[in-house]
Number of protein chains: 4
Amino acid sequence: MPTTRKRTPTPAPEPRPRDADRSQGEILDAATAEFAELGLGGARVDRIAERAGVNKRLIYYYFGSKEDLFRAVLERAYERIRGEERALSMSEVEPIEAIRRLIAFTWNYYLEHPEFLTLLNSENLHRARHLKKSANIASMNSPLVQMLAEVLERGHRAGIFRAGVDPVQLYVSIAGLAYFYLGNSHTLSAVFARDLMATKAKVERLSHMTDLVLGYLVRD
Amino acid sequence: MPTTRKRTPTPAPEPRPRDADRSQGEILDAATAEFAELGLGGARVDRIAERAGVNKRLIYYYFGSKEDLFRAVLERAYERIRGEERALSMSEVEPIEAIRRLIAFTWNYYLEHPEFLTLLNSENLHRARHLKKSANIASMNSPLVQMLAEVLERGHRAGIFRAGVDPVQLYVSIAGLAYFYLGNSHTLSAVFARDLMATKAKVERLSHMTDLVLGYLVRD
Amino acid sequence: MPTTRKRTPTPAPEPRPRDADRSQGEILDAATAEFAELGLGGARVDRIAERAGVNKRLIYYYFGSKEDLFRAVLERAYERIRGEERALSMSEVEPIEAIRRLIAFTWNYYLEHPEFLTLLNSENLHRARHLKKSANIASMNSPLVQMLAEVLERGHRAGIFRAGVDPVQLYVSIAGLAYFYLGNSHTLSAVFARDLMATKAKVERLSHMTDLVLGYLVRD
Amino acid sequence: MPTTRKRTPTPAPEPRPRDADRSQGEILDAATAEFAELGLGGARVDRIAERAGVNKRLIYYYFGSKEDLFRAVLERAYERIRGEERALSMSEVEPIEAIRRLIAFTWNYYLEHPEFLTLLNSENLHRARHLKKSANIASMNSPLVQMLAEVLERGHRAGIFRAGVDPVQLYVSIAGLAYFYLGNSHTLSAVFARDLMATKAKVERLSHMTDLVLGYLVRD
DNA sequence: TATGAATGAGAATTCATTCAT
DNA sequence: TATGAATGAATTCTCATTCAT
């Protein structure tokens with residue numbers, strides 16, 4: 001290096017800047033992807049470190065163990081969906097439109113966050129073991145159930161919706177209609193020999209789901 | 001041992017009778033349980049052998065590898081549910097009763113065969129990799145879709161059901177309504193802080209599902 | 001099978017005719033190939049059985065163990081080369097021609113029986129363990145050494161060859177000149193980046209070997 | 001442990017100092033010995049770890065797999081012999097002496113490094129599979145061939161050596177003369193019923209090899 | 001805060017060999 | 001003579017985790 005000269009004299013790979021938050025975030029991102037793709041059993045700590053671009057030891061430094069990391073991933077995933085759910089404005093629109101929005105939101109969120117589906121599957125495989133350890137599950141109860149209860153009540157009072165609909169049941173049903181289709185798209189596509197993830201198929205599915213729920217709810 | 005003689009000719013572990021079919025069946029039973037409880041990644045071949053009461057080597061002798069064993073388990077699980085589905089007599093009863101039976105069957109099958117749900121989850125986590133290798137997926141297409149199509153048509157012609165219902169969509173919906181509730185009961189129970197698997201809750205769920213589907217289908 | 005009818009009514013895979021010699025021969029053939037290709041450590045009894053088209057158990061029935069099978073293979077390989085060596089007529093031709101024949105024979109035998117080279121390598125890796133157990137090694141001493149001694153003597157008396165040549169040394173040298181080239185052709189080809197097994201290369205090698213040995217032997 | 005106190009702070013196996021180079025070197029040493037003695041198929045990773053005094057896992061940490069370790073061993077073996085070959089000063093002495101030195105060097109190197117012979121045998125058994133994967137084979141071409149070419153040329157111009165000798169052929173011949181004797185000493189000793197590795201026998205062999213080559217090369 | 005080196009416990013898979021017929 | 005079923009003991013390789021700096 002005769003004439004030009006580097007600012008920093010070390011030609012060695014620059015040590016990563018010490019930024020705790022950033023490292024933790026990258027670890028969580030990497031872990032989310034890894035767990036979502038491979039499940040808890042199939043995920044590898046080595047690979048998570050590699051994906052995050054951090055030293056494996058750092059994962060233990062911040063999260064303690066693979067299991068605890070999984071819990072942290074789960075918690076963040078729940079926090080995120082709850083955050084978006086809270087942003088849904090169902091009380092400001094008329095009941096039928098509110099239901100439409102709820103269904104569309106659920107569908108789109110699962111569509112855009114497939115990792116959420118597989119993380120939930122993993123957690124259920126483990127009988128919600130990690131969730132139960134989590135301090136903040138209580139606060140994680142979906143705000144949608146409250147909103148939905150209010151919409152159902154409003155719609156009923158307006159004579160539009162049928163009476164006696166349990167908001168929890170309906171919430172679970174809407175989730176299930178989307179969840180099963182999207183979460184099992186691989187096996188369903190194989191069994192039905194048709195691509196359930198094609199754009200047209202997805203449009204039709206959302207339409208069917210909406211018809212189904214509104215066909216049930218709306219009085220004539 | 002010149003003089004003394006053993007009374008009982010050693011109570012050593014009786015050599016298992018040489019029955020290939022029986023051994024294979026027991027391996028499949030054990031593997032089904034193990035994979036259902038722990039997923040493909042979490043399952044242990046050692047444990048499967050132990051559960052089956054066979055030598056671990058025998059698993060490789062018959063099935064080649066853990067992955068191939070998983071495939072065999074999946075295939076048998078599909079064959080079984082298809083077998084039971086074929087036994088459903090939907091064409092012999094009037095449309096509304098037929099739909100009730102279909103929903104109840106789906107619900108009860110998932111309830112009694114929770115392993116089917118987790119196996120499907122695992123397979124979807126692996127993007128239906130094993131199913132795609134399976135020669136007989138084609139013939140595994142659910143007979144229910146055909147039956148359902150016929151019932152929908154019959155109900156429509158009788159002026160009972162609405163027109164234009166895609167049987168595949170409805171089939172997926174019915175499955176999803178049951179699947180999500182049962183397959184995610186652990187996380188849902190944790191999040192809603194109520195036991196979804198209590199007898200009363202299960203009765204209510206089946207009732208809700210039936211109301212939802214028939215509320216949608218039946219014209220007034 | 002409406003009209004034509006099999007002699008034997010069993011459509012099952014015909015049980016192999018019980019022919020002890022044939023079975024043993026096929027096992028030896030298969031084992032020779034397997035050991036030659038993969039060495040003693042790399043050879044698999046399962047694969048030998050498959051190659052021979054016999055049940056694995058039969059190998060143990062006839063040969064006792066993998067090691068004993070290897071010994072049997074080795075013995076047969078030695079018997080065969082000794083048999084061919086005996087057929088060499090060196091005493092009937094004039095000394096120079098006799099040497100040419102010996103070199104050509106050695107070269108061609110190794111060329112046509114590459115398995116002999118690798119079997120020898122394996123046996124040397126194992127410090128001739130199996131050979132030492134073999135009863136008939138004594139009688140396996142190459143007849144070529146005797147013949148060569150006679151030729152050297154005859155050539156010397158005729159004033160053609162130099163004196164004091166140890167026939168064992170020369171025999172080993174001739175073997176080595178061929179053996180190293182053929183037995184190490186893969187690494188040599190890789191290192192020299194030229195194909196030592198091309199026809200032209202082989203012709204040149206035989207020519208060089210002959211020149212070398214006769215250049216040394218023949219007095220001027 | 002309230003009152004008593006250990007004198008020596010536990011004589012437990014001292015944790016090995018963290019020295020990556022040293023660990024890798026020891027693994028390579030141990031692996032070289034193991035592969036040389038037992039071949040690729042017969043070598044055991046466990047035993048290599050034990051011989052090296054390292055944790056078995058470390059072998060995988062550094063070398064990835066048994067095959068890759070074998071490749072590393074081979075590469076180092078080639079590097080070493082090439083290094084010594086380069087140190088041979090053949091161009092500084094008169095042609096006949098240069099040839100003597102080359103033969104003696106080859107003989108002595110094989111004699112002192114029997115592992116090189118068996119490693120080569122193993123690699124040839126595997127059709128140079130590992131060598132071909134090695135990036136640096138090209139640069140591994142023996143410098144001896146160049147040197148030999150120069151000596152042959154020099155000897156010919158001085159009227160001492162015969163014309164038209166291919167240096168590659170002669171190099172291979174010299175190697176083969178030593179290689180076959182030393183590499184097959186166990187079977188040859190068994191077959192000839194005489195100890196080829198006795199000191200006297202070895203002296204005679206080197207003498208014979210030199211006579212043979214010079215007898216061929218030197219014009220009269 | 002960050003990292004390369006090191007490890008014990010296990011995991012899937014293999015293999016020679018024996019059993020029972 | 002012949003064979004499918006079965007097995008114990010390895011064997012290669014993996015993995016979460018810890019050490020030392």
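Predicted model: local features only at pLDDT ≥ 70, side-chain atom pairs only at ≥ 80, totals over all residues.
## Domains of chain A

Chain A is assigned two stretches: domain 1 spans 19-64 and domain 2 spans 71-217. Taken over C-alpha atoms, the centres of domain 1 of chain A and domain 2 of chain A are separated by 28 Å.

Contact between these domains involves 9 residues of domain 1 of chain A and 9 residues of domain 2 of chain A. On the domain 1 side, helix α1 (residues 20-42) of chain A gives the most, with 8 residues. By class, the residues on that side of domain 1 of chain A are 7 nonpolar and 2 polar, with no charged residues.

## Contact between chains A and B

Chain A places 42 residues in contact with 42 residues of chain B. On the chain A side, two or more residues come from each of α1, α6 (114-125), α7 (129-133), α9 (167-183), α10 (185-192) and α11 (199-217) of chain A. Of these, α9(A) provides the largest share, 11 residues.

The side of chain A that touches chain B is made up of 20 nonpolar, 16 polar and 6 charged residues.

## Contact between chains C and D

Chain D brings 42 residues to its contact with chain C, and chain C brings 42 residues. The elements of chain D that each supply at least two residues to this side are α1 (20-42), α6 (114-125), α7 (129-133), α9 (167-183), α10 (185-192) and α11 (199-217). The largest share, 11 residues, belongs to α9(D).

Sorted by class, the side of chain D that touches chain C holds 20 nonpolar, 16 polar and 6 charged residues.

Conventions. Residues numbered from 1 in each chain as written. Chains lettered and ligands numbered in written order. Domains from an automatic or database assignment. Contact = placed C-beta atoms within 7 Å. Helix = DSSP H or I, 4+ residues; strand = E, 2+ residues; numbered from the N terminus. Nonpolar A, V, L, I, M, F, W, Y, C, P; charged D, E, K, R; others polar.
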